[in-house]
Amino acid sequence: MADTNTLVDQLSGLTVLEVADLVKKLEEKWGVSAAAPVAAAAAPAAGGAAAPAAEEKTSFDVILKENRRQ
């Protein structure tokens, strides 16, 4: 059995692209998907009327500030 601490150390040294490639290979080998499950729509409330879904935020404001420590 592999030493899990050694595996953690080895995985910590991978780049993001290497991790993405590893995930893809494991998905293919094991026949699984790492995608997050999608929640099923909630059943309508009593009376048959469903509440409107909240709109997903698609734009954000980013403010960059300079740190002038010396």
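View 1. Of the 70 residues of the protein, 0% count as buried, where buried means under 20% relative accessible area, exposed over 50% and partly exposed in between, with a 1.4 Å probe and protein chains only. This is a predicted model, in which local features need pLDDT of at least 70, side-chain atom pairs count only at pLDDT 80 or more, and totals for chains, interfaces and linings use all residues. Residues are numbered from 1 along each chain as its sequence is written, and side-chain values use heavy atoms, with hydrogens and water left out. The accessible surface of the protein is about 7400 Å², and 58% of this belongs to carbon and sulfur atoms (Shrake-Rupley method, 1.4 Å probe; for residues, only the protein chains shown count as cover).

View 2. The protein has two helices and zero strands (DSSP runs numbered from the N terminus: helices are H or I with at least four residues, strands are E with at least two). The end C-alpha atoms of α2 are 21 Å apart, which agrees with the 21 Å that its 15 residues should span at 1.5 Å a residue (1.5 Å times one less than the number of residues). Gly31 follows α2 and has a positive phi, near 65°.

**View 3. The nonpolar surface patch.** Leu7, Leu11, Leu14, Val19, Leu22, Val23, Leu26, Trp30 and Val32 make a nonpolar surface patch of about 720 Å². Patch residues have over 30% relative accessible area and no salt bridge, and nonpolar side chains (Val, Leu, Ile, Met, Phe, Trp, Tyr) are joined within 5 Å, like charges within 9 Å; a salt bridge is a side-chain nitrogen of Lys or Arg within 4 Å of a carboxyl oxygen of Asp or Glu. Helices α1 (4-12) and α2 (16-30) each supply at least two residues of the patch, and α2 gives the most, with five.

**View 4. Leu26 in α2.** Leu26 lies in helix α2. Leu26 counts as partly exposed because its relative accessibility is 30%.
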